[in-house]
Amino acid sequence: MAEENVRIEESLKVKIGEAKNLPSTSLSGTGKSTYCVIRLDHEEIYRTSTVEKSLNPFYGEEFTGEIPKKFRYLSVQLYEASQNKSKVIGKTTLRRQELYKYHGKEHWFPLVPVDANNEVQGKVHLEIKFDEYLNGESENYTSQGLSVRILECSDLPVTNGGCNPYAMVTLTYSKSRNKADIRRTTVKKKTTCPQFNEYFQFVLGSKGQNSDRQTYYIEDEFNIDLGVSIWHDDTRMSREVFGKIFPGSFLGEVKMPLKDLTSGTVHNAWYCLRRRESWKPHQYDLGSLRLKISYTSDHVFPPEYYDDLRELLLQSPDIEPITSSAAYILSEVVDHRQDAAQPLMKIFLHHNRLVPFIRSLAKYEIDRTADPHTLFRGNTLVTKLIDELMKLTGLPYLQETIKATIDQICIEHKSCEIDPTRLKEGESLEENMDSLKCYVQRIFQGIISSSLLCPTNMCEVFYALKDIAHQYFKDSSEVRYQAVSGFVFLRFFAPAILGPKLFDLRNDTQDSIVNRTLTLISKAIQGLGNLVSSKTLSYGLKEDYMVPLFQYLSQPSHIEAVRMYLDIISSAARARTQNVSGEAPIIIKEGTLIKRAQGRKRILKVKNFKRRHFCLTNQKLSYSKNRGDNPLYEIPIEDILAVETLQEESFKMKYMFQVIQPERALYIQANNCVEEKE
């Protein structure tokens, strides 16, 4: 197969567990407020929420995403949070080539200091060759020359908000280390991929007429080292090199002895920039960080190569027993069932075979379940398939039902702590309980009033589960609720409330006060799902302080409302009815991006770049000056002809893409490579 027909897709998953033995504050000896940042080379792609004042903070967050670019280093940096400017405490760094050693397993990594001389990335393209020419003083002597051509650099880091790179070529002589020949290129402004294409000629030595030109080597006279270093032109910083002052910040270097190069040939290659040779890591005990890293690189062939496999998988719902079907066997042979569940769900959903497949799997699982109270509570293939379906089709539904309340909780920033042992000085248990009940009631009302907005695909699956469960447990009147409530409340709403960033409900990370409020609400919603499927009001709580809240939720009016909601979303009529949620705009993704002025007004001559709040719904793409303001510009979805990425050379800016409309294109810059891919 031709190599150009194979597409490589790389994905990364990093779970940040906890840190331990972090340095304490110098005054009080207590822990610092910290958060973690994941970087690919110098580029930030994820940030955790802040954990307040702990020497052993627990983060418990996970980044998952497709990586659209090649990178050299994956690093996780730990910062001390500050209102002014956060300070980095330490980091752990892994080369991309060694990530396979840690794949899928948790490891403790020591934190090391962050040193500017060690923070390098990027490559430089060099052409090096030896030249021999007549010495102008006498025809009997020739000179050995060296030609160094700096062609270009790629993927340089942004330093102090900019990147104005230049290259410096240095020849140093081993016999006299104080002697050096230094040349430098011009400065290229505002680019991380500068094009230099500049030549530098050096005279290395001379030889007599009778010398054998074929056996002339550099080491015959002296050893010479060639160094090429890349700098960011910054007048605020300077470096002294062999007595000369050069402005700028060090970005990386390449060094090579000329004796290792073959005379008479042209050496043309890309070289990875490296840290200074004199750099040595500082030996400080900064603690350690527990990470679980999974990095995969998939080679994807053209669609026709998968035709036979696809047909074999789609026959799975009709195979008896279902455990001998291709799809089920695939889920058993992979390392993690999750890895098979997501692609299987998408294949079956695309070909309208998901519901029959889930029916067959559900029959197999129910047939081996003696107690209906434990129905669909394990991490089996059928539960993983439904989890993936709800994540794929249910995100707009979450936006419609609970996002407004989640936003209100984050903005109001009220303490809702009801554990007496965790109350802070000055807090009132009664006031906190009232605030918590208010939030829970708003979430509850948003859910039970949204039964007609539940996506049709989810309703079809819920109806199938209820129907099969009722056939097996005809004497249980609660089984129709048990079959559905575990998915809707325990696996859908509760995780979304607990981690709104993972479900695209929030773009920012939350502090400990908001996280605690969301945790308590999530517990309440989980308990609500258990209450409606039980004959008795047995709370089964480990925390006594949650009992008053559950007593409030267990009122007959609440239970009946939830049962009515479950009956509607799992009814035969809802399973056959098209979803009406498209009638109202549903926010799919929003956040701050940079866009280029489109020049729609004639008086606007300069097309500058401005930061705007973008909002993508199921109906339109729009942007406004600030979040909550009226839109400055709107594009109906049907008017978007294509979305394409742009090369950096187009605007000398990274992460650019264009939204193509019938009359013009809207140029937008994302914040990092992962956001651009999304």
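Predicted model: local features only at pLDDT ≥ 70, side-chain atom pairs only at ≥ 80, totals over all residues.
Let's start with helix H4, residues 354-366, and helix H5, residues 381-393. Their axes come within 9 Å and cross at roughly 145°, and the crossing is left-handed. If you have the side chains displayed, look for Leu 354, Phe 357, Ile 358, Leu 361, Ala 362 and Glu 365 on H4. Across from them, H5 brings Leu 381, Val 382, Leu 385, Ile 386 and Leu 389 to the contact. Sorted by class, the residues of this H4 and H5 contact are 10 nonpolar, no polar and one charged.

Now move along to helix H7, residues 403-412, and helix H8, residues 429-448. Here the axes come within 10 Å and cross at roughly 160°. Angles over 145 degrees count as roughly antiparallel, so that is how H7 and H8 lie to each other. Their crossing is right-handed. H7 contributes Thr 405, Gln 408, Ile 409 and Glu 412, while Tyr 439, Arg 442 and Ile 443 come from H8. By class, this contact holds three nonpolar, two polar and two charged residues.

Finally, what about the cysteines? The disulfide count comes to zero. Take Cys 416: the closest cysteine sulfur to its own belongs to Cys 438, 8.8 Å away. A disulfide needs the two sulfur atoms within 2.5 Å, so this pair is too far apart for a bond. Cys 416 counts as buried because its relative accessibility is 2%. Cys 36 also counts as buried, with a relative accessibility of 0%.

Conventions: Residues numbered from 1 in each chain as written. Heavy atoms only, no water. Axes fitted to C-alpha atoms, helices over the stretch in contact; angles between N-to-C directions. Helix = DSSP H or I, 4+ residues; strand = E, 2+ residues; numbered from the N terminus. Parallel < 35°, antiparallel > 145°, perpendicular 65-115°, else oblique. Left-handed = near helix turned anticlockwise from the far one by under 90°. Contact = heavy atoms within 4.5 Å. Nonpolar A, V, L, I, M, F, W, Y, C, P; charged D, E, K, R; others polar. Buried < 20%, exposed > 50% of the residue type's maximum accessible area, 1.4 Å probe, protein only.
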